[in-house]
Amino acid sequence: MADLWLLALGFGLLPLSALLLAAVPAALRDHESMVWGLLLGVVAFLGFAHAGTTILQGNAYLRYETTPELSAATAVGGLLLGMGAGWMALGRREGNASALKALALAAALYVALHSFADGQVLGEAYTGPLAPGYNLTVVLVGGTLLHRVAEGALIVVPAVLGGWKPSRWSGLLLAGLLTLPAAYVPVVLLGSGPTSLGVALDQGVSVFAAGLEAGFGGILLFLGLAPRVVGAKDRRWALGAGLAFTAMLLVHFLVE
């Protein structure tokens, strides 16, 4: 069984593999509409389907351990804060190059939010007296790599298309390292066993973080990515979005 710190560190560094996309800027520009569609599908899955499921699942535990009102307030508070942060990052009207740089920065914040949620999931497998942990298999590692490359692409693509030098933006891919501290949140809260308070706090953090991700992801989708494909002559971006959504769904069937 892999050690938690090593697993979380490796998971956090995997988005760096998306740097390979920076070596093919011409290909990204030649198929720009399809590329934006693929990214749109990735965010649609992660921000809505994945984060939404986490909110609903966490709510079932949180409302049982606390109250339905407190559980709802936790989710709504995260959503509103996430939307506010997304608006601050992307709400201004800017020129194309500046807008793409702002999109890359916003994408890095989103990857950090999603990485925190994933890190907490990793840590939960290492809590309790019979913690199962993770046995690294080819399928698990391969699926996780595809997952994290897709997240890294959210940063790399707008940075490259915006003409930003790699030396200026490559460090943004380290946002994925938020998995490392996040993995120890459930370990600390549930380390002595699944007490009522520990479960409530762990699920409260999970629901709030998922709300943040969903709120920020919605703004990233509608203000950052959708304007890149609206009015495009090549409508294959819609097919790309659907394929990316389906691919992320299949990947998560394998790794979670």
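Helices here are DSSP runs of H or I of at least four residues, numbered from the N terminus. The model is a predicted one.

**Surface patch.** Val139, Leu249, Leu250, Phe253 and Leu254 make a nonpolar surface patch of about 480 Å². Helix 10 (residues 236–255) provides the largest share of this patch, four residues. Leu250 lies in helix 10; because its relative accessible area is 47%, Leu250 counts as partly exposed.

The largest nonpolar core has 44 residues, and Trp36 and Val157 have the most contacts inside it. At least two residues of this core come from each of helix 3 (32–65), helix 4 (68–90), helix 5, helix 6, helix 9 (196–229) and helix 10. The largest share, ten residues, is that of helix 5. Apart from this core lies another, of 13 residues, including Ala2, Leu122, Tyr126 and Val251.

**A loop residue.** Thr127 is placed in the loop between helix 5 (96–124) and helix 6 (138–161). A polar atom of the Thr127 side chain lies 2.9 Å from the backbone oxygen of Glu124. Thr127 is buried because its relative accessibility is 15%, which is under the 20% cut-off.

| Residue | In contact with |
|---|---|
| Thr127 | Pro186, Val187, Leu190 |
| Val157 | Leu21, Leu28, Val35, Trp36, Leu39 |

Terms used: Residues are numbered from 1 along each chain as its sequence is written. This is a predicted model: local features need pLDDT of at least 70, side-chain atom pairs count only at pLDDT 80 or more; totals for chains, interfaces and linings use all residues. Side-chain values use heavy atoms; hydrogens and water are left out. Patches are made of residues with over 30% relative accessible area and no salt bridge: like charges are joined within 9 Å, nonpolar side chains (Val, Leu, Ile, Met, Phe, Trp, Tyr) within 5 Å. Accessible areas come from the Shrake-Rupley method with a 1.4 Å probe; for residues, only the protein chains shown count as cover. A salt bridge is a side-chain nitrogen of Lys or Arg within 4 Å of a carboxyl oxygen of Asp or Glu. Buried means under 20% relative accessible area, exposed over 50%, partly exposed in between (1.4 Å probe, protein chains only). A polar contact is a pair of N or O atoms within 3.5 Å; within protein, one must be able to donate a hydrogen and the other to accept it, and residues adjacent in sequence count only if both atoms are side-chain atoms. Contact means heavy atoms within 4.5 Å. A nonpolar core is a set of buried Ala, Val, Leu, Ile, Met, Phe, Trp, Tyr and Cys residues joined through side-chain atoms within 4.5 Å. Lists of a residue's contacts leave out its neighbours within four places in sequence.
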